[in-house]
Amino acid sequence: MSPRRLGTILAHEVRLIARDPLPVMVLIVFPIITMAFVKPAFRAALQQTGYPHANGAEQVVPGQAVMNAFFVVSLTTFAFFSEHAFKTWDRLRASSATSPEIVFGKAIPRVGMVILQLIVVLTVGVVVFGLHVAGDPLALAPLVVIFSLCLVLLGVAVTAVCTSVQQANAFSYGGLVVFGAIGGALVPLAVLPAWAKTVAPLTPTYWAMRGFRSVILDGQGYGAIVAPAVALAAMSAVFAVVALRRLRFGDSKTVIVY
């Protein structure tokens with residue numbers, strides 16, 4: 001892998017992201033606006049589940065951050081499908097860049113987007129919404145990184161499996177709602193029905209929220225992040241295998257705008 005070629009693709013992707021800041025704004029602004037409306041509703045829910053000093057931010061801030069981070073799955077798929085839409089995919093393949101360099105070059109900036117989104121939203125939660133982290137805040141750093149990587153690899157896997165941008169978008173936006181609800185980001189896991197609690201560990205959202213909850217509400221440290229980090233790493237490996245097995249650079253992708 002050539003650092004020069006990888007750096008060229010990375011720089012190009014960063015320029016594209018900077019040229020259209022709206023997706024980044026959606027990742028950050030939308031959860032902040034939502035938090036302002038729904039925070040009071042979760043104060044009583046947390047107090048009834050054994051956290052008498054909670055103000056609601058402990059659920060709604062990480063929940064909205066994690067749920068809206070799922071938008072990056074769609075942004076990752078768009079990074080690939082847009083090449084087909086603009087008729088530049090074949091030119092990219094014909095360049096000296098290898099397949100791994102192309103994938104890494106498109107994926108790494110999106111990982112950075114999620115990390116930035118989570119940091120900003122959590123910081124706003126502390127400053128504006130009174131989020132109190134009972135445990136060690138630095139323990140959240142590895143969780144943020146591995147969760148971001150997991151979502152972007154899921155986006156690459158979705159790109160590999162889907163043949164049209166409509167299929168990719170349907171999975172991305174449907175997954176945002178379904179995974180957010182089942183994984184405990186939309187509402188606390190304790191209030192979900194039994195069947196949802198059973199399938200929740202199959203979602204990345206569940207493990208991210210479990211880690212955030214352990215540190216923010218339960219006052220734990222790095223030890224509480226180990227299980228969520230391992231689970232998210234395992235999911236990342238599965239998504240990477242799917243991407244490696246199914247992503248064919250010679251396949252055509254359908255990009256139709258209605």
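Here are some questions and answers about the predicted model shown above.

User: Before we start, what should I know about the numbering and the model?
Analyst: Residues are numbered from 1 along each chain as its sequence is written. This is a predicted model, in which local features need pLDDT of at least 70, side-chain atom pairs count only at pLDDT 80 or more, totals for chains, interfaces and linings use all residues, and side-chain values use heavy atoms, with hydrogens and water left out.

User: Is glutamine 59 buried or exposed?
Analyst: Glutamine 59 sits in helix α3. Contact means heavy atoms within 4.5 Å, and glutamine 59 touches residues including Phe42, Gly184 and Met209, not counting those up to four places away in sequence. Because its relative accessibility is 3%, glutamine 59 counts as buried.

User: At roughly what angle do the axes of α3 and α10 cross?
Analyst: Two packed helices are described by the angle between their axes and the distance between the axes. Axes are lines fitted to C-alpha atoms, for helices over the stretch in contact, and angles run from 0 to 180 degrees between N-to-C directions. The axes of α3 and α10 come within 10 Å and cross at roughly 150°.

User: Which residues of α10 make the contact with α3?
Analyst: On the α3 side, the contact is made by Glu58, Gln59, Pro62, Gly63 and Val66. Its partners on α10 are Thr205, Ala208, Met209, Phe212, Arg213 and Ile216.

User: How far apart in space are threonine 77 and isoleucine 182?
Analyst: Threonine 77 lies in helix α4 and, at 1% relative accessibility, counts as buried. Leaving aside neighbours within four places in sequence, threonine 77 is in contact with Gly155, Val158, Thr159 and Ala168. Threonine 77 and isoleucine 182 are 105 residues apart in sequence, and their C-alpha to C-alpha distance is 23 Å.

Key:
Helix = DSSP H or I, 4+ residues; strand = E, 2+ residues; numbered from the N terminus. Buried < 20%, exposed > 50% of the residue type's maximum accessible area, 1.4 Å probe, protein only.
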